[in-house]
Amino acid sequence: MDSRILDRELKKGSAELLILSLVEARPRHGYEISKLIEQRSDGAVRFHVASLYPLLYRLEKRSWILGRWVEKSGQRRRRYYRLTAEGRKVLASQRKGWQVFAAAINRIAGVEHA
Amino acid sequence: MPEWKQEIIEQLASLKLAPTREAEIVEEVSQHIDDRYRELITGGATEEESRRIALEEISEEKLLAKGLERVEHQEPQEPVVFGAREKTYILAGLWQDTRYGARILARNPAFTVVAAVTLALGIGLNTAIFSMVNAILLRPLPVSHPEQIYTLSASGKAGGNTFSYLDLEDIRNQTTSLFSDMAGVQILSTTGLSMAGQSERMWTDFVTGNFFALPGVRPALGRFILPSEGQVAGADPVLVLNYAFWKAHLGADRDIVGKKALVNGRPVTIVGVAPEGFRPVSTLIETQGYMPLGMAVVDNQTKSDFLNERQDKRLILIARLRPGVTEDKIRSVLDVVAKRLAAEYPKADDWKVLKAFPLPPTGPTDEPPQGLGVVGALFLTLAAVVLILACVNVANILLVRASVRRGEIAIRIALGAQRGRIIGQLLTESLLLALLGGVGGLVVGLAGSRVLSSLSFHMDIPITLDLHLDWRVFGYALALALVSGVIAGIAPAWRATSGDWNEVLHGSGRTTTAGGHGLRKGLVIAQVGGSLMLLIVAGLFVRTLVHLQKSDLGFDPQHVLNIPLNPGLAGYSETQSYEFVDSVLERVRALPGIESASVAATVPLGGNNQGASIEVEGLASPPQQQTPSAGYNIVFPAYFETMGIRLLHGRGIDATDKPNSGRVAVINQAMAERFWPGKDPIGKRFSLEGDLNHPLEVVGVVRNSRTSDLSSPEGPFYYIPFAQQRVLPVTLQVRTFGKPEAMGPGVIGLIRSLAPTMPVAGAQTMTDALNTPNGLWFFQLGAGLAAAMGILGLVLAIIGVYGVVSYMATQRTHEIGIRLALGARPGQILGMIFRQGVRIVVPGTVIGVLAAFAIARLMGSFLVGVTTTDPLTFASVSVLLTLVALTASYIPARRATKVDPIVALRHE
């Protein structure tokens, strides 16, 4: 498997976790989500429109997040995504899984470096 | 602000989304790009630059379309598992594949059930037949180191597979370098066991004292016969019981050891019970009791000096080979022994070759058996064909599903999955399916082998098929399941993972499945061929059975009842026995409803025919040729009337034939033609070898009739009066006016009233007695099995043809709609689809006929009255299958004409 695909697969697995985390506190729209990912990772992780929306729709189809068109006065309507009860459970378990996985990777990688 | 919508719509075009959904996505994504554009401008980029970057991000590697394809057209998705993606994680991959496969199967219960049941039927049939082959041919004798157990046979006039006690002692003493021990057994004598006023018939083996040391097993209760026992006639009156007999007839009495009983009226002591499943001489024979060889005199016919009589050849020899002894050494040592004994006893032991071979599990024979292997191979082959047909059906369903799943597979390959990995995953799925089928198959096989083992041999000998499932049967079923999983799965997996992926990702659904057609068609053609072959084989077997059932036996089996008489079982002396037989016959003849009655030594097809070497007066036999021989039966007057054998010439056996009157014989046509061709045989004489002083005069000629089997040519046969040569046991045969079975209780009641302590084995009608292994049994079994396989194959082929034709019709729905809209008549549509069916059925039929020609050549020896190329069978079965298969393709063709053009054109 070349590194580009590994990168993508890893991203695919972790992206769900990132999105669920970002809509945990309050509903956000797609552009806002992509901006937050970019900012908080200091530009290391970016989701462009072509990869972000399929992901959002997938999570929505699984009923982990719910999108709703919201019109604010003087603005165009925007689609905001909020976390569902089911999504909250998934998020908790994915967080735990990620921590275990990341810790394992760190242990292995740490030994290699030492 | 630039306009992005057109670019986004282009990206989404291949998805063919519903318009409202598409509009929603376009709106959301274009807003996002607006924001992105503004961000880029704010960041200091030029308008031109910002526009270019934004557009690039929309069309980046077509990710939008590919990603949405999966979400919007939802299909089962392989889950992402961190750390388990690399090819080297084979176990993790296998576990993942297994779980994924199980989920896919669980999600399509209808498909899973149909496929698993199809495989279960195929595997079950094979398992049942294999369990039979296993029980007869493969399972070794239940003794320690069965491969060391040998038996002996000799060639020569005094040869055969039985030996005298003196022979046993000589051979044993001279072959100690080959065998660690050698025992003798006189198998299956009928005896009468009386205990506490109850009389049972018991099949008994008389054995030398060392017999029980050979199998290397322990008794269930008490002890076995001791090495010191059995060397003196009439001494050591002890009895060891078979486990099943002890349970069934003696209530599993644990205090049985030490109890007294009567065997043929003589007191004996029960000393032990053999362990369960003890069958040391044959896996098929269930001996009921064991007694020391010396006790063989209880039959009242064995002379008290039989142990010292070299001509009294009654023992089968069982020996245990020493480890490391080669076949060459066996041959050279036995050669010396044979020459030495033949020189010493030229009359009794004129052996040319003495040979030893491993005791076949089916029991002692003159030669290692071979014919059974061919039968077993034939039926296993036919059963394998049925399984392949079942696999083809499952493969066909999988092929359809594979084309449905091409979208999913395309994406996985686009994401970097290796082809081998995907084939492995699809194969895991079909293997899971096959394992389900294997479990079902074991259940079906168990039920099938129950049916097979309950088949009665219609014989008076305790032969039973022990078809319990052992590791061989389990292993066979498992292997079949794995093989069928691969057979059914490999072609669909290969097809599903080959092709142009870009085309699949972009192309329309209509083109994705076209490639599977040829393969599916080919599979169904092969299936029609295979099922036709099975049906033709079944047809040939059935025709043979019908031929035999209708064939002229030479006697009339209707309205005849057979009742074995063995007064010796009640302890009658010889003289008492003959008086008893006379008085039974006299009284039975007086019963109402009896047309005639007689007594004979043997019953046709009963498997215990007698034969003798004869010398015909005035006919010198050429010195190089073997002396002529003929079969014979010893009968009472009225025998030919009772059996319905027509007298052609002279007279039958009658009351004028007395012990002291001139010795006479009635011969059959074959004997008349063989020894006195073109002459009147009445008054001619022949004598039995070894008794040249008492020639027999031919007094009558009767029609040929079947005596030993149904298919071999009828040979010379003669009948002699019981008054001039007495023998026991005998069979009472009565011809009744009404149903013979209705007379059974009356006749048995009469016998019981005359001899209350004599066990009577029960009455059997002559028509039932024809169903023995020497008679119709094998042909009935063969026809039944072949017919069952043929019908199963036919059903599978119908499903296959129906499935593939209706699938092709569905695929052409769009085309049919256009044709109908353009004015095609329904008849033309019907013909169009129906022709596709014809293109399957016709080549399939041709293949089937050719395959049947090939396999029928193997069956030649099992067919009677039918040639292996019987035109009637080939033609009628081919026509039948063609009609049925065409009907199966007519139904979907007819449905295709009912297509509503409007609906069809909207399709896709």
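Hi everyone, and thanks for coming. One thing to keep in mind from the start: this is a predicted model.

Let's begin with the second largest pocket. It holds about 1400 Å³ of space, and 43 residues line it. If you want to centre your view, go to Leu284(B), Leu372(B), Phe457(B), Pro773(B) and Trp777(B), which lie nearest the middle of the pocket. Which elements build the lining? In chain B, helix H6 (109-138), strand S2 (179-195), helix H10 (371-404) and helix H21 (777-811) each give at least two residues. The largest share comes from H21(B), with 6 residues.

Now to the backbone. As a reminder, most residues other than glycine have a negative phi, and most peptide bonds are trans. Here are some departures from that pattern. The bond from Leu728(B) to Pro729(B) is cis, with omega near -10 degrees, and Pro729(B) sits in the loop between strands S19 (717-721) and S20 (730-736) of chain B. His559(B), not a glycine, has a positive phi of about 65 degrees; its loop runs between helix H15 (516-550) and strand S11 (560-565) of chain B. Ala638(B) also has a positive phi, of about 70 degrees, in the loop between strand S14 (629-635) and helix H17 (639-643) of chain B. Is Ala638(B) buried or exposed? Its relative accessibility is 17%, so Ala638(B) counts as buried, the cut-off being under 20%. His559(B), at 33%, is partly exposed.

On to the rings. Over all chains there are 27 aromatic pairs. Take Phe211(B) and Phe212(B): their centres are 5.3 Å apart and their planes stand at 85 degrees, so this pair is edge-to-face. Phe211(B) is buried at 2% relative accessible area, and Phe212(B) is buried at 4%. Phe212(B) also pairs edge-to-face with Tyr290(B), at 5.4 Å centre to centre and 75 degrees between the planes. Ring pairs join Phe211(B), Phe212(B), Phe224(B), Phe278(B) and Tyr290(B) into a cluster.

Last, two arginines over ring faces. Arg310(B) lies over the face of Tyr345(B), 3.5 Å from the ring centre. Arg21(B) lies over Tyr57(A), at 4.5 Å from the ring centre.

That's my tour, and I'm happy to take questions!

Conventions:
Residues numbered from 1 in each chain as written. Chains lettered and ligands numbered in written order. Predicted model: local features only at pLDDT ≥ 70, side-chain atom pairs only at ≥ 80, totals over all residues. Heavy atoms only, no water. 1 Å grid on protein atoms, 1.4 Å probe; cavity = no way out; pocket = protein on both sides within 12 Å on 5 of 7 lines; lining within 4 Å. Points joined across faces, edges and corners; volume = space filled by probe spheres on them. Helix = DSSP H or I, 4+ residues; strand = E, 2+ residues; numbered from the N terminus. Buried < 20%, exposed > 50% of the residue type's maximum accessible area, 1.4 Å probe, protein only. Phe/Tyr/Trp six-rings, centres within 6.5 Å; stacked < 30°, edge-to-face > 60°. Lys NZ or Arg CZ within 6 Å of the ring centre and 35° of its normal.
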